[in-house]
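Please read the points below alongside the sequence and the structure. They are meant for someone who has not looked at this protein before.

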Amino acid sequence: MSMKTLDSMLKLVEKPARYIGGEVNIAKKTITKDMVRFCFAFPDAYEIGMSYTGLQILYSLCNKEENIYCERTFAPSVDMEELMRENDLPLFTLETKTSIKDMDFFGFTLQYEMSFTNILNMLELAHIPLKKEYRSEDDPIVIAGGPCAYNPEPLADFIDVFLIGDGEELLPTFLNSYTKGEKKEDFLKKVCTLDGVYVPAFYDKDKKLYDKAPDKVVRAFVQDLDKTHFPVKPIVPLIEVVHDRSVVETFRGCTRGCRFCQAGMIYRPVRERSVDTILNIAKEQLEATGHDELSLLSLSTSDHSQFENLALSLMAYCKENNVSLSLPSLRLDSFSFKVLEEIQGYKKSGLTFAVEAGTQELRDVINKGVNEEDIYSAVEQAIDLGWRNIKLYFMIGLPFETYESLDGIAKIAENIVNIRRRMNGGKLGKFNVTVSVSNFVPKSNTPFQWFGQNTAKEFEEKHNYLAEKLRIKGVTFNYHDNETSVLEAVFARGDRDLGKVLLRAHELGCKFDGWTEHFNKEAWHKAFLDTGVDIDYYTTRNRDLDEVLAWDRIDAGISKKFLLDEWEKAKNAITTKDCRYGCTNCGINKHIKCPMGGVYHE
């Protein structure tokens, strides 16, 4: 590609540093004729993609391999895309400015359903045919992984291979299996027997088309997170990104079993890093990057079995080295408050409580494991220690929700305001409760995968109802967009018929659909109308429990029997214990040794 053309374009766009590369700690390699070239693509803006820890892990891991060169690309912003199209400049890698079309593999991470149109747009910008059957041997093999790959079917027309599960061992093994000049079909037949490799061309709706392909694709696992690679020299962006700090993953998975939560199901079992390993990674990262903030990554930070020791050790180190410490997703018990008091001091930013539902019955339906006494006692401690901004997270549209549940949301907010008044001599003072409501989206591989979503109109009616109920002094109400929630549900539980909708939406100009300023509701409605696909079939329809689901060919490790049992318990508001206190027979230990113990039985 012409560097002169690129240089002239960069003077005309916002944030040219999104496209220049050259950041601290990038991989620089001498390219040889036998080297496997892999471009890791994040289908959103640079600032979002560079905040994704998974990119840093896989980038660092692949570039440790002598024969693999992993480079990066991101979705160009609208101004850059217009110039690329005007100048016929194809999408390129940041490291070497190589056209994506000249790579061996072009791999997307699937973090969010509303980024799917960006994938098609990036393929087009790379001059790669969108549908896989039109690609030649000269085109790169297009791969994808991440949480949305657990239902790969909506993207099956466009992706050659899906990699499902933990990528630390799977991705290098997959790439190292490739030989330069090898025919694509021969390569795909060779790798389709690896755990975690799904080749959609080898299956149709009802049967296998290649006899050696597995009947079910079992996700890839890493057993020992303590021995699994984690980058100590991550790339340091040249511009501010969404999460501009050092990050260490403390453990993977969750034991709590919230029935709406896909991450809590597909990342099982819990696998922890030791305190010493976490401390060593943190120290090396901070030294290599110059960051002055450290954050821990997990689904529930304080559920680490050695959390107290970990928190005290990190606080001591960070204080000594003038580094601020962020501990998200804390269980708000007395020790956590001591930790928060220590690390935030007088700068008390907001505290977040993920309550999820307004009544105890509905919290039991979703297996949340939180009661109002937990909420109010935590709020009292927070107010007593000086916090003045409380944020409450709720979901609406949950299975078996009633308007009594919505009333409960307002009641909890009102009670917290009254607790503040009681503790402050009858005055509210500078105090705010933010009630943030998201719309429930049923996801694959969860106990609620059979449940129909609310319509956009029902969501709107519930938002309006809550807005009236929450006209309380000291309370702020925020809620999520309805149309994007509906689309998210379409693609979360969709099948291959949605490929034509995606293609039509792309033709109509849809991209950056997760961004309010770019989302085009009318174009999406036209895409469904033009292709004759019924949105309600994928969203509001309750699935029969014996229905063959689009993602049944993927084995996420959790048994369907467990999900069905959890669905039945939900109907009767019966809770399931946290599996740290005894095996719940989810089925994960059929594939991998579960640290929680237990032996799977049918």
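1. Leu-549 sits in the loop that runs between α19 (535-538) and β17 (554-555); helices here are DSSP runs of H or I with at least four residues, strands are runs of E with at least two, and both are numbered from the N terminus. Leu-549 counts as buried because its relative accessibility is 3%, where buried means under 20% relative accessible area, exposed over 50% and partly exposed in between, with a 1.4 Å probe and protein chains only. Leaving aside residues up to four places away in sequence, Leu-549 touches Gln-449, Trp-450, Arg-543 and Lys-560, a contact being heavy atoms within 4.5 Å. From Leu-549 to Val-142 the separation is 407 residues in sequence and 25 Å in space, C-alpha to C-alpha.

2. A word on the source. The model is predicted, so local features need pLDDT of at least 70 and side-chain atom pairs count only at pLDDT 80 or more, while totals for chains, interfaces and linings use all residues. Residues are numbered from 1 along each chain as its sequence is written, and side-chain values use heavy atoms, with hydrogens and water left out.

3. Leu-549 also belongs to the lining of a pocket. The second largest pocket has a volume of about 450 Å³, and 20 residues line it, with Lys-205, Asp-495, Val-548, Leu-549 and Ala-550 closest to its centre. On a 1 Å grid over the protein atoms alone, a pocket is an open set of points with protein on both sides within 12 Å along at least five of seven lines, a cavity is a set of points where a 1.4 Å probe fits but cannot get out, and lining residues have an atom within 4 Å of a point. Grid points are joined across faces, edges and corners, and a volume is the space filled by probe spheres set on the points. The lining of the second largest pocket divides into five nonpolar residues, one polar and 14 charged. Ala, Val, Leu, Ile, Met, Phe, Trp, Tyr, Cys and Pro count as nonpolar, Asp, Glu, Lys and Arg as charged, and the others, Gly among them, as polar.

4. How many cavities of 30 Å³ or more are there? The count comes to six. The largest cavity has a volume of about 180 Å³ and is lined by 17 residues, with Met-50, Gln-56, Pro-234, Arg-245 and Val-247 nearest its centre. α3 (53-64) and β8 (246-249) each supply at least two residues of that lining, which divides into eight nonpolar, seven polar and two charged.

5. The second largest cavity holds about 100 Å³ of space. Its lining has 16 residues, of which Arg-268, Cys-579, Cys-586, Ile-588 and Cys-594 lie nearest the centre; nine of the lining residues are nonpolar, six polar and one charged.

6. The largest nonpolar core has 105 residues, and Phe-105, Phe-106, Phe-108, Leu-110, Phe-174 and Trp-524 have the most contacts inside it. A nonpolar core is a set of buried Ala, Val, Leu, Ile, Met, Phe, Trp, Tyr and Cys residues joined through side-chain atoms within 4.5 Å. Not counting residues up to four places away in sequence, Trp-524 touches residues including Leu-487, Phe-491, Val-501 and Phe-519. Another core, of 60 residues, lies apart from the largest one, and among its residues are Leu-314, Trp-387, Ile-412 and Ile-416.

7. Helix α16 (residues 482-492) is mostly covered, with eleven of its eleven residues buried. Leu-487 and Phe-491 are among these buried residues, as are Glu-483 and Glu-488. The buried residues of α16 pack against α5 (116-125), β15 (432-439), α15 (456-469), α17 (498-507), α18 (521-531) and α19.

8. Salt bridges come to 47, each a side-chain nitrogen of Lys or Arg within 4 Å of a carboxyl oxygen of Asp or Glu. One of them joins the side chains of Glu-47 and Arg-18 (2.9 Å, N to O). Glu-47 lies in helix α2 (residues 46-49) and Arg-18 in the loop between α1 (3-10) and β1 (36-42), so the pair ties together parts that are 29 residues apart in sequence. Both Glu-47 and Arg-18 are buried.

9. In another salt bridge, Lys-227 meets Asp-224 (3.9 Å, N to O). Lys-227 is exposed, at 75% relative accessible area, whereas Asp-224 is partly exposed, at 32%. A network of salt bridges links Asp-166, Glu-168, Arg-219, Glu-249, Arg-252, Arg-271 and Arg-273.
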